[in-house]
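Here's a quick tour of one model, starting with a pocket and moving on to a sheet. Have the viewer open as you read.

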Amino acid sequence: MRILISGAGVAGPVLAYWLNRYGFAVTVVERAPAPRETGGHAVDLFRPALDIVDRMGLTQPVQAAKTGTERLSFRAENDGRLHTLEIGRLMRVVSDRHIEVMRDDLVKIFYEAVRHGVEHLFGDSITALAENAGGVDVTFERGAARRFDLVIGADGLHSNVRRLVFGEESRFSTWIGAYLAVMSIPNYLGLRDRMEGVTGVNRMVGVYGGAHLDDARAVFLFRPAAELGYHHRDVDRQKELLRRHFAGLGWEVPRLLGEELDNATTFYFDSITQLRMDGWSRGRVSLAGDAGYCPGPAVGGSTSLAVVGAYVLAGELAEARGDHTRAFPAYEREIGGYVRRSRTFAVGAARRFVPATRLDLWSVIQGVRLINHIPTPIARALVGLGARGLRLHDEVVLKDYPRGPAVKADAAG
Ligand SMILES: Cc1cc2nc3c(=O)[nH]c(=O)nc-3n(C[C@H](O)[C@H](O)[C@H](O)COP(=O)(O)OP(=O)(O)OC[C@H]3O[C@@H](n4cnc5c(N)ncnc54)[C@H](O)[C@@H]3O)c2cc1C
């Protein structure tokens, strides 16, 4: 049975790994010409995703790739005092197990785990999908047309497969009130194990380095009064918007928005957008990760959700021996609760991360003191009072699926 996966990010290779282990013949098509090194950003893996990493035998390389960011030091706008939060303590409030890694490192580790058993088509993209009784006829931008039994879109928030099968992204995306920018800069602050920054009303800036990074990343989060108008490829306009919304903020911000922004080797700017689809499978096509259920980049634990979603989709296909009419609904049922809780959490986090008023700013600082000075279970209980669903990752109970081949070798060819 042949399965095509679009996208070799996080969900794509995890799905490919498990499908390959179950005996399916897997092809991955990735638009980038090679496993991507975009200069990316740090992402979080929480307990259920780390349990899956364990089951894939990848605990050691993932541990070794930890960013090593241990502390968060920031000052409030118009107040020079530095408040420091131990990130481990904060994360223990959210989950019993947590690792932060650079997305690029994670993608590389997952890719290495599947590169020999799975066919990869780099530098290509699907242009059309036509489903018929025998399978899905797929045409590509560059390669020859082929037929597959199933097609999975794991091609991220701006998914191509979703657009081809379900329609334009705007039908499913909701702006949840914030914007995010990330750029790569020289590590002139000498940051290795901490993020340093400044937070003001409706805006915050943080800079962090990593244990094995030569450069540093500057992250900007802000919440304008209304949605902004810009084209997603118009980088000059995005930089102008960033400069406008962070004007007058102190600390290193004038330098970051001046020479560093002019010279940044990588620059990412996007709205924090949530995808809301009632179901993410149609016929022989389904979606995994951000393509189907992105709760919002940087605010909803979407990397863990992508890993869990991919694991569950593969497992349900194995359990149903490739019968997608049973496997796809089972997959949606199995992760539906986690998806909904992640959406709710992300909407709250987009509000909480960036204080909306001076009072909120004060509360954030008090929260830092609280988490630093009282035992974790008490901090968890107190923080939990104001943030429902804080333990959403640890509430996930992973299903056990077959550990070995589930479809016959002759059906896999
Ligand atoms: C700036 C930023 C900060 C973030 N911070 C965090 C964080 O702190 N914590 C966290 O958990 N998550 C964070 N995220 C989210 C995290 O990166 C994603 O949730 C996660 O990578 C989802 O994985 P995915 O495989 O679904 O999608 P992606 O990682 O986006 O992978 C999609 C893949 O599909 C490929 N692709 C796209 N279009 C096509 C096409 N037409 N044909 C073939 N291939 C295609 C892409 O090149 C990419 O390789 C952040 C995201 C961003 C952008």
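## The second largest pocket

The second largest pocket holds about 260 Å³ of space. A pocket here is an open set of points on a 1 Å grid over the protein atoms alone, where a 1.4 Å probe fits and protein lies on both sides within 12 Å along at least five of seven lines; lining residues have an atom within 4 Å of a point. The volume is the space filled by probe spheres set on the points.

Its lining counts 15 residues, with K66, E70, G88, H98 and I99 nearest the centre. By type, that's three nonpolar, six polar (Gly counts here) and six charged. Helix α4 gives the largest share, four residues, and β6 (98-102) also supplies at least two.

## Ground rules

This is a predicted model: local features need pLDDT of at least 70, side-chain atom pairs pLDDT 80 or more, while totals for chains, interfaces and linings use all residues. Numbering starts from 1 along each chain as its sequence is written, and side-chain values use heavy atoms, without hydrogens or water.

## The sheet and its helices

Seven strands make an open, mixed sheet, ordered β5-β4-β13-β14-β15-β12-β16; strands are DSSP E runs of at least two residues, helices H or I runs of at least four, and pairing takes at least two bridges. β5 (83-86) and β16 (267-275) are the edges. β12 (residues 173-186) runs antiparallel to β16 over eight bridges, and W175 has T273 of β16 as its bridge partner.

Helix α4 (residues 87-94) lies across β4 and β5, at about 55 degrees to β5; contact means heavy atoms within 4.5 Å, and angles run from 0 to 180 degrees between N-to-C directions of axes fitted to C-alpha atoms.
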